[in-house]
Amino acid sequence: GVDYEKIADKITAETGKKLQAEKKLYLIGTGGQMMNDIQMMAMSFNYYQEVDVDTARKLLMYAVNEYLRAINNNTEVRPYLHEYPFTAKNIEITIFLYKPDRRELPLEKICWVDCMNGTFSYYNRLDTYNPIYRETYDEALQKISIVQQGSK
């Protein structure tokens, strides 16, 4: 049969290139859950800039939406997706944050953000088990669109 893992890897690699060019997100890891079909696809990135929650949210949302668009627009992979369209629940994105000189940020600064099971979480190194903030994809989307409406 078709090697759908190869198709998935190609989508991931292309999205990685695009996100590096557009947002300076550097792809450091990929993964997924594939048994008889593709249940989940994952990417992780390094980002060399200090961010607050608002900026982190926009960055994560951009990465999530780019990945989803790439997956859902690919007709070749579609028959192998566990469900179509893929949503934020079907992908995992993690962004690790560092200083521009690549050193670790201060403990209280956001050091990584992720989207898992459709939830955005923001962490610092004071407590790596409990996020300082957590919201659903839809809540994050709403906050971003309110901000964008306000700035027009």
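Trainee: Which residue just after α1 takes a positive phi?
Mentor: That residue is K24, with a phi of about 60°. Please bear in mind that this is a predicted model.

Trainee: And α1 itself, what span should its 20 residues have?
Mentor: Helix α1 covers residues 4-23, and at 1.5 Å a residue it should span 28 Å. The C-alpha atoms at its ends are 28 Å apart, so the model agrees with that expectation.

Trainee: Which residues in α1 are buried?
Mentor: They are Y4, I7, A8, I11, T12, T15, G16 and L19.

Trainee: Changing topic, how many helices and strands does the chain have?
Mentor: There are three helices and six strands. Read from the N terminus, their order is α-β-β-α-β-β-β-β-α.
The radius of gyration is 16 Å, close to the 15 Å that the globule rule gives for 152 residues, so the chain is as compact as a globular protein of that length.

Trainee: What percentage of the residues count as buried?
Mentor: Of the 152 residues, 41% count as buried. As for the surface, the chain exposes about 8,800 Å², and carbon and sulfur atoms supply 49% of that area.

Trainee: How many positive and negative side chains are there?
Mentor: The chain carries 19 positive and 21 negative side chains. The centres of these two sets lie 6 Å apart.

Definitions and conventions:
Residues are numbered from 1 along each chain as its sequence is written. This is a predicted model: local features need pLDDT of at least 70, side-chain atom pairs count only at pLDDT 80 or more; totals for chains, interfaces and linings use all residues. Side-chain values use heavy atoms; hydrogens and water are left out. Helices (H or I, at least four residues) and strands (E, at least two) are DSSP runs, numbered from the N terminus. The expected span of a helix is 1.5 Å times one less than its number of residues. Buried means under 20% relative accessible area, exposed over 50%, partly exposed in between (1.4 Å probe, protein chains only). The radius of gyration is taken over C-alpha atoms; the globule rule is 2.2 Å times the number of residues to the power 0.38. Accessible areas come from the Shrake-Rupley method with a 1.4 Å probe; for residues, only the protein chains shown count as cover. Lys and Arg count as positive and Asp and Glu as negative; His and the chain ends are not counted. The place of a charge is taken as NZ of Lys, CZ of Arg, CG of Asp or CD of Glu.
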